[in-house]
Amino acid sequence: MPSVLDGIRVMDVTWGIAGPLATMLLADHGAEVTRIERPGRDPFADQLGYRVWNRGKRSAVLDLKRPEDLETFLGLARQADVLVESFRPGATQRLGIDYPTLSAANPRLIYCSITGYGRDNPLSDRPAYDSLVAARTGLHWEQRGRPGGSAAHLTGQEPCYPDLEAPWERLQGAPREGPLFPASRWPSLGASYAATIGISAALRARERTGRGQWVETSLLRGALTTGVMAFAMAEKLDEPNFMTWVGDNRSPKGHFECSDGRWVHNWPPSPRFALAAGEGDELNASADLRVREDPARIGMDPSEMFVLHHYWEPMAQVFKKFTADAWTQAGAEAGVCIQKVRSPEEGLSDPLLFDDGCVTQIDDPELGPIRTVGITYKLDSSPGHVSGPAATPGEHTEEVRAEAARAVSAPAPETRGESLPGGPLEGIRVLDFGLAVAGPYCPQLLSDLGAEVIKVNALHDWYWHSTQIAMTCNRGKRSIAIDLKHPDSREPIRRLIASADVVMHNMRYPAAVKLGIDYDSLKHEFPSLVYCHTRGFERGPRELLPGNDQTGACLAGVEYEDGGCGRGGRPLWSLTNMGDTGNGYLAAIAICQALYEREKTGRGQWVETAIVNAQLLNTSYAVARPDGAGFDRPRLDAMQTGFSAGYRLYPTQSDWLCLAVLSDAHWHALGEALAEADLLPGGRFASREARAANDDEVAKRIEHALATRPASEWFAKLDAAGVPCEISSESSSYEMWNDPRSFERQWIVQYPHRMVGNLGQVGLAFSFSDTPSRIQGPPSLVGEHTREILAEAGYSPDEVSALFETGAVKDESIYPSLAPEGSDSPASPWDAKS
């Protein structure tokens, strides 16, 4: 069957990670992607990830400073549907390939720019490597969290339990103070997701308007979007349920070492199961849990940190009795989330992932047969496929020149008389049945793109939806609270589905079948419906197991890598992890592409993805041989300071400094600034090979030198010398979140919320020139719009009242602090009666 993007022509003028990864996703789903490469050596070409991210693309080498090559480029652009570029702001204007120039010749062109920090701002010209963007945005400090979580830090409030201290052995991350350098390239990953969803939404919009447009994102926005679960501000942190222990770096996170020296992650921590199952000499997955008074799982309140610490020692002892594989199997049998922490190479050699297709095998001309991430989201009627390995640079240059010579100007856009001022998905209605984070984050993205989203809440959702975590994935939606199991709820749900373009959920699929909202029950009556289901795991034996961000991160190698386990570290579940939110992005991308296809065919379809797919994409910089053997690649050190002497964090007299010294010119400039003769031309460490062979000694010399001054002084000196660097300060995120310019650019947004007062959250990850995206409002309270949604569905006031009286629906938005003085408001929000 044809893929969803068959016939779409993409010009890939990017390097690094974000652009190549975004265009890989387009190529995987049928787009013809032509990679335009510069003459000479690509500074990022040594990445193993290039063998993955550039698969299935053509390659042409063009020197855009030569008139004949520029004319070839312009010829290609005249017939392209999409162009993706990652130049510094201003460079495309100088080359004559900027959006205004190219769109004048091809008005249907969708032009996507991925910059470091965006354009027309004080940071636009800063060097924008992943580590440096992470330093400037404070992302390094959010890897394991802060005392009290980021909300207390960003608002300048005292954390809860300020005197609480915890021993390092119970906590995740390196046993030291300060920022942590993650192995995951979070800013680039976030920007890649944002670019892909932006392009996909713009394709749908073009079917309505006939026009292309300029789509923009940046590594800065990518960093913020990866930190959506970590970053937050709120005026009233003490409101019931808002704060949790999850973002507090003093809380154990459920990692335990097993008898074989391997680690598992039990999330959420389950003392009752672990202590009962491991009580005897043999692991018992079916132990009688009723005889224990220990909690089945830990609650969300910050006070639960004391419970976590109480159980850490006995849980650590019992996990140490059996192997990681035994505990993983026991968890699977009992329906408890326990997963072995694996390397990316182990994940790529997993036969279950390979059978699903989320891992694939490619015959690479340089490396031979390799396992890589496969198809990460699936469309039933228009499936994707990996079309081949990465091309040799310039392999298709002559073919591309011939095509460009035949190119003619694109036809004028069709006059459709339609505009989409509310965003590229204006006019789309989404029913969000999503649970936790992985489900509702996708519809939140669709809302940011202009869709109308109705959140279908359970009657008991108040507790979860009052938390900071839930609020990060539920803004811009209206809420109806309805008991899906109540017989009187069937007809209201049917009416809502009849009005919807998209249905999205992540409940275990048999539950959807039981409720009558599975795809087979709906597709014949509603053939234009786009139906999206996401899971924790791949299809196969693990398909119906409870899965989450953490299980996916263990399976795909994210926790292994971010903890520096390959060099002796301990696993880390990063608070900026993109498992749940990556699943949300992949689902939203699939939905946008299905809507694009529906504009042409009138037909909806089934789309799906899984958390583990997103985590495989997050570690797609790694490849493996079919037997699981790996290739040489950079490995994070055990103390989580970085990959190498030139690409890491260093402590100074005050604060930390992050270096991204990659070229010989950078190294020579660093040698001059530090007065290190061995780094200068002719010195002992002047060559790349010499530095690699003596990496530890080079790092020690740099660390010794940098320890003599504060980070601010070193930054001024090194920056002036042309050494890529940034200060990684504990206050970096505070400064960004309290800078009015961040709000002006919608990097960060703030709005009044009925529960917590002024609420600050991560803003838009993308922007559009023709169909501006917007945030449609703060997170709703549970059931806040029940009455109006039912009225829109055709129910009279008396019929609505009857539904309330039978208990089929509810409105939990009667919040005590908002009630007029002297009213009969309930004592607590969860006691509210409609």
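Modeller: Before we start on this predicted model, a residue is called buried when its relative accessible area is under 20%.

Biologist: Which residues of strand β9 are buried on one side, and which on the other?

Modeller: Strand β9 spans residues 263-266, and both of its faces are covered.

Biologist: Which residue of β9 is the bridge partner of H255?

Modeller: Strand β8, residues 255-257, runs antiparallel to β9 and is joined to it by three bridges. The two strands form a hairpin with five residues between them, and G261 in that turn has a positive phi of about 85°. Within β9, the partner of H255 is H265.

Biologist: Which residue in β10 does N266 stand opposite?

Modeller: β9 also pairs with strand β10, residues 338-340, in the antiparallel sense and over three bridges. There, N266 stands opposite I338.

Biologist: Is T619 buried or exposed, and what is its relative accessible area?

Modeller: T619 lies in the loop between α25 (611-618) and β20 (642-644). Leaving aside neighbours within four places in sequence, T619 is in contact with P344, A556, G557 and V558. The cut-off for buried is under 20%, so T619 counts as buried, with a relative accessible area of 4%.

Biologist: Which members of the largest nonpolar core touch the most other members?

Modeller: That core has 175 residues. The members touching the most others are F73 and I591.

Definitions and conventions. Residues are numbered from 1 along each chain as its sequence is written. This is a predicted model: local features need pLDDT of at least 70, side-chain atom pairs count only at pLDDT 80 or more; totals for chains, interfaces and linings use all residues. Side-chain values use heavy atoms; hydrogens and water are left out. A nonpolar core is a set of buried Ala, Val, Leu, Ile, Met, Phe, Trp, Tyr and Cys residues joined through side-chain atoms within 4.5 Å. Buried means under 20% relative accessible area, exposed over 50%, partly exposed in between (1.4 Å probe, protein chains only). Helices (H or I, at least four residues) and strands (E, at least two) are DSSP runs, numbered from the N terminus. Contact means heavy atoms within 4.5 Å. Two strands pair if DSSP finds at least two bridges between them.
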